[in-house]
Amino acid sequence: MDCTGLCEVLTQGGTDPGLAQFLSILLGVLLVVTVPLITVIFLIWIERKIAARIQDRLGPNRVGPFGLLQTFADLIKLLAKEDITPASADRLLYNAAPLLSLAAVALIWAVVPYTPYHVGADLDIGALYFVAVASLGTLAIMIAGWASNNKYALLGAFRVVALLVSYEIPLVFALLVPVMLAGSMSMVDIIHAQSGMWFIFMAPLAGVLFFISSQAETGRAPFDLIEAESELVAGFNIEYSGMKFGMFFAAEFLHVFTNGVLITILFLGGWYFPGWQMPLIAFMWLGLKAFIPYFISLWIRNTVPRLRIDQVMKFNWFFLVPLSIVNVLILAFLVMVLKEIGWVPVDETGAMALAQAGFIELLPMTIVLFISNVLICVPIVNRLRRMGVEQRAAREQLRTQRAMAAGD
Amino acid sequence: MDVLNEWAFIGVFLVLAPILPVLPIMGAWLFRPKRANVLKSQTYECGVETVGDTWVQFRVQYYIYGLIFLVFDVEMVLLFPWAVAYHKLSFFAFAAGLLFIFLLTDALIYAWRKGILIWR
């Protein structure tokens with residue numbers, strides 16, 4: 001193991017090398033884990049403000065300037081709330097679920113590269129690590145629903161797990177696209193491969209699929225069957241109160257922004273921005289770009305009504321999954337063909353290398369891939385529109401028939 | 001950083017990440033009222049008393065979705081190495097990957113035709 005930075009300083013100061021190594025890792029972990037936990041406090045304020053504006057309200061504006069301290073007030077309120085564990089609940093699992101829920105989201109941040117030089121752990125299998133860790137959240141919800149020993153909670157948990165498990169398939173298939181283009185699962189390598197052209201322009205469909213399924217993974221509208229207030233009261237977290245409820249709450253809010261960051265890394269070019277390559281600014285760009293998918297997510301959440309579980313499942317299995325498979329197949333085939341005719345930048349061994357290529361070199365390849373994506377989308381969107389029209393017409397007809405029957 | 005270092009980082013993170021949410025919960029323990037009584041710790045069901053057991057056998061539908069997911073997930077793990085090596089694959093290795101995806105699609109089509117993907 002090498003020993004640089006803080007570790008080196010400690011070793012020279014007389015600390016045992018092993019201990020120095022451990023201390024520097026511990027400090028790194030604390031730094032990386034604090035960033036999301038601090039961020040979430042302000043995210044809650046931002047989300048409430050945006051939601052309020054969309055719904056033509058003012059949102060929090062009493063506590064502190066612009067209501068910025070509202071979250072702290074809520075935190076204090078949650079701290080002072082009584083924490084009730086139902087007598088019939090499974091105590092151990094009941095208490096473990098909120099911890100796992102927040103930990104699952106925080107763990108994703110271990111592989112988020114803040115700048116080219118500041119990344120928690122640049123794993124070779126970063127993308128796979130993300131998939132593995134993100135599904136821990138599903139486990140937490142299942143545990144919470146089961147351990148509460150409450151029928152609403154259990155029904156909520158059943159639905160959620162069926163939903164999350166289903167939407168993970170298009171998510172992972174969409175994730176396959178940036179991995180294929182970058183030729184690596186490391187988050188840093190994926191961003192470097194986008195130095196010339198962001199992947200959202202090469203594979204817009206994969207980006208949209210990733211966005212839709214990540215929206216479902218967070219359990220946000222129109223996929224918020226987790227909560228479904230009118231049917232399940234609150235879903236899986238119904239029995240939780242006080243700070244434990246706060247943990248689920250924070251985990252959900254953080255998850256939405258984490259997805260924004262991941263979409264930025266995988267499709268929006270991470271810290272790259274034309275004309276700016278300074279490390280400190282890089283951190284800012286990553287954060288700013290993450291707000292684009294984050295804002296769209298909030299926008300959808302506050303404007304779209306909830307779908308029924310059968311509609312959600314149908315949408316996934318008969319639309320998203322086949323589309324994501326077709327998307328991967330066509331992209332893989334097209335890039336292979338483009339490589340044969342020499343439109344794909346290659347290195348000296350003849351392997352595709354996007355990281356070294358500039359904007360101009362990547363332009364022909366991007367245009368072809370973009371057009372192919374649009375061509376896949378047009379008939380599918382057209383078909384969806386026709387189906388919608390037909391369903392509406394059928395419903396209208398039924399209504400007229402009923403009205404006539406009542407008239408007789 | 002060294003490869004081993006990266007995994008040491010993840011290891012420490014794995015231990016620390018569940019501990020950090022414990023802190024506010026423990027903090028709340030200092031402030032919160034602790035007056036439990038029988039009525040409070042009853043199962044919440046909008047004021048109605050609970051009838052029957054909650055921990056029942058669940059519908060087989062969920063199990064089927066779980067099975068299909070498992071098929072896809074395991075195959076995904078096998079597809080990731082293919083995707084990583086994609087940029088330098090020869091045509092036949094590439095075709096083998098495509099064949100694999102076709103087999104996967106075949107499983108989906110089978111489940112589709114069987115009608116088990118429809119939520120009932």
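What distance separates the centres of domain 1 of chain A and domain 2 of chain A, taken over C-alpha atoms? The two centres are 23 Å apart. This structure is a predicted model. Chain A is divided into two domains, and chain B consists of four helices with zero strands. The two chains touch: 70 residues of chain A are in contact with 53 residues of chain B.

**The two domains of chain A**

- Domain 1 of chain A covers residues 1-80, and domain 2 of chain A covers residues 81-407.
- Where these domains meet, domain 1 of chain A contributes 18 residues and domain 2 of chain A contributes 16 residues.
- On the side of domain 1 of chain A that touches domain 2 of chain A, at least two residues come from each of α2 (17-54) and α3 (70-79) of chain A.
- The largest share of that side, 13 residues, is supplied by α2(A).

**Helices α4 and α5 of chain A**

- Helix α4 (residues 91-108) and helix α5 (residues 126-147) of chain A have axes that come within 8 Å and cross at roughly 160°.
- Because angles over 145 degrees count as roughly antiparallel, α4(A) is described as roughly antiparallel to α5(A).
- The crossing of α4(A) with α5(A) is left-handed.
- Residues of α4(A) in this contact include A:L93, A:Y94, A:L100 and A:I108.
- From α5(A), the contacting residues include A:F130, A:G137, A:I143 and A:W146.
- The contact of α4(A) with α5(A) comprises 19 nonpolar and two polar residues, with no charged residues.

- Along the sequence, chain B follows the pattern α-α-α-α.
- The C-alpha trace of chain B spans about 70 × 50 × 15 Å along its principal axes.
- Chain B has a radius of gyration of 25 Å, whereas a compact globule of 120 residues would have one near 14 Å.
- On the side of chain B that touches chain A, two or more residues come from each of α1 (3-19), α2 (22-31), α3 (60-85) and α4 (91-114) of chain B.
- Among these elements, α1(B) gives the most to that side, with eleven residues.
- The side of chain B that touches chain A divides into 38 nonpolar, nine polar and six charged residues.

How values were computed
Residues are numbered from 1 along each chain as its sequence is written. Chains are lettered from A and ligands numbered from 1 in the order in which they are written. This is a predicted model: local features need pLDDT of at least 70, side-chain atom pairs count only at pLDDT 80 or more; totals for chains, interfaces and linings use all residues. Axes are lines fitted to C-alpha atoms, for helices over the stretch in contact, and angles run from 0 to 180 degrees between N-to-C directions. Angles under 35 degrees count as roughly parallel, over 145 as roughly antiparallel, 65 to 115 as roughly perpendicular and the rest as oblique. A crossing is left-handed if the near helix is turned anticlockwise from the far one by less than a right angle, and right-handed if clockwise. Two residues are in contact if their C-beta atoms, placed from the backbone, lie within 7 Å. Ala, Val, Leu, Ile, Met, Phe, Trp, Tyr, Cys and Pro count as nonpolar, Asp, Glu, Lys and Arg as charged, and the others, Gly among them, as polar. Domain bounds come from an automatic or database domain assignment. The radius of gyration is taken over C-alpha atoms; the globule rule is 2.2 Å times the number of residues to the power 0.38.
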